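Hello,

Here is the structure I promised to pass on. Have a look at it first, and my notes follow below.

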Amino acid sequence: MTLILLPTLFDRIRIVLIATSHPGNIGAAARAMKTMGFERLVLVEPKSYPNVDATARASGADDVLANAVVCDSLEQALTGCHYVFGLSARERTIPWPQMSPCECAQYSADHSEAEIALVFGREHSGLTNGELEACHYHVQIDANPNYPSLNLAAAVQIMCYELRLAGAEGVVKGDVLPAPVEELERFFEHLEQVMIDVEFLNPEQPGHIARRLRRLFLKAQPEKQDINILRGVLSAVQKRLRSNT
Ligand code: SAH
């Protein structure tokens, strides 16, 4: 009998903090993670890191801080992820598919072979539209509608707690994984280029078209092979265009 050891939910989750201003919040987030059993912290362009305030607020979770991975871009931070959840208190003009914290946690536990990222925004301005649009789902923590913005580390704490509750059940089931996000990004770039080449999209005024198509494909969760087929179609269109000119 072959014994296959699947990574646990705790190994599969990375917590991504974008452009955190206050290093104390990075430390407090590391502490929040460690209390719930999570270790993989990714920092995208932190304003100041490493920093003594981060270490002080980590209060014994120094190992999580010391092992934090620092990245130059969100794209780099999400490499290899199959599902990405964006945490934001705010509604958006083009609403993104939503999940509650509990649904997000259950979904993460159920997709037992998937690499998963939870993305948190800046203290002052949260996530940009573009950053949220790199995510499959928008997760809002239900809060006072007149004062919905939690401290960054408090938001990390709630999500890690929900994940812990869901992960404790230890669901294991066969999974067909969607293509990792970096392959989806290459496809979006290719699609946009072809739409420009066939003069369907004006690069000066892209409007909402690219954004809506991005949402459509993120919802569909195409597999690697589906992406290969779509890219093949796009390349065939480009080849024909070139032969016509
Ligand atoms: N003023 C910012 C909020 C920043 S709070 C804004 O308008 O978006 C810092 C981060 O904590 C947010 O980007 C988000 O990732 C998380 N967060 C805070 N409150 C939240 C809530 N109610 N739901 C989901 N995420 C929240």
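Which side chain does the side chain of His190 join in a polar contact of 2.8 Å? The partner is Gln238, where a polar contact is a pair of N or O atoms within 3.5 Å; within protein, one must be able to donate a hydrogen and the other to accept it, and residues adjacent in sequence count only if both atoms are side-chain atoms.

Before the rest, some notes on how to read the values. This is a predicted model, in which local features need pLDDT of at least 70 and side-chain atom pairs count only at pLDDT 80 or more, while totals for chains, interfaces and linings use all residues. Residues are numbered from 1 along each chain as its sequence is written, and side-chain values use heavy atoms, with hydrogens and water left out.

Back to His190, which sits in helix 9 (residues 181–197); helices are DSSP runs of H or I with at least four residues, numbered from the N terminus. His190 has a relative accessible area of 11%, so it is buried (buried is under 20%, exposed over 50%, partly exposed in between, with a 1.4 Å probe and protein chains only). Setting aside neighbours within four places in sequence, His190 is in contact with Arg231, Leu234, Ser235 and Gln238, contact being heavy atoms within 4.5 Å.

In one of them Arg186 pairs with Glu75, the closest N and O atoms being 2.7 Å apart. Because Arg186 lies in helix 9 and Glu75 in helix 5 (residues 74–77), this pair ties together parts 111 residues apart in sequence. Arg186 is partly exposed at 34% relative accessible area, and Glu75 is partly exposed at 39%.

Another joins Lys224 and Glu183, with closest N and O atoms 2.8 Å apart. Here helix 11 (residues 224–244) holds Lys224 and helix 9 holds Glu183, 41 residues apart. Glu185 and Arg214 form a further salt bridge, again with 2.8 Å between the closest N and O atoms. That pair ties helix 9 to helix 10 (residues 209–220), as Glu185 lies in the former and Arg214 in the latter. Both Glu185 and Arg214 are buried. Elsewhere, Arg14, Arg40 and Glu115 are linked in a salt-bridge network.

Now the domains. The chain is divided into domain 1 (9–168) and domain 2 (181–243), with bounds from an automatic or database domain assignment. About 1,300 Å² is buried between domain 1 and domain 2, and carbon and sulfur atoms give 58% of that area; buried area is the accessible area (1.4 Å probe) that two parts lose on being put together, summed over both. On the domain 1 side, Ile94, Glu133 and His136 lose the most area to domain 2, together 39% of what that side buries. Between domain 1 and domain 2 there are 2 salt bridges and 8 residue pairs in polar contact, both residues at pLDDT 80 or more. Glu133 also meets Arg211 in a salt bridge between their side chains (2.8 Å, N to O).

The side chain of Glu131 makes a polar contact of 2.7 Å with the side chain of Arg122.

Best wishes

How values were computed. Salt bridge = Lys/Arg side-chain N within 4 Å of Asp/Glu carboxyl O. Helix = DSSP H or I, 4+ residues; strand = E, 2+ residues; numbered from the N terminus.
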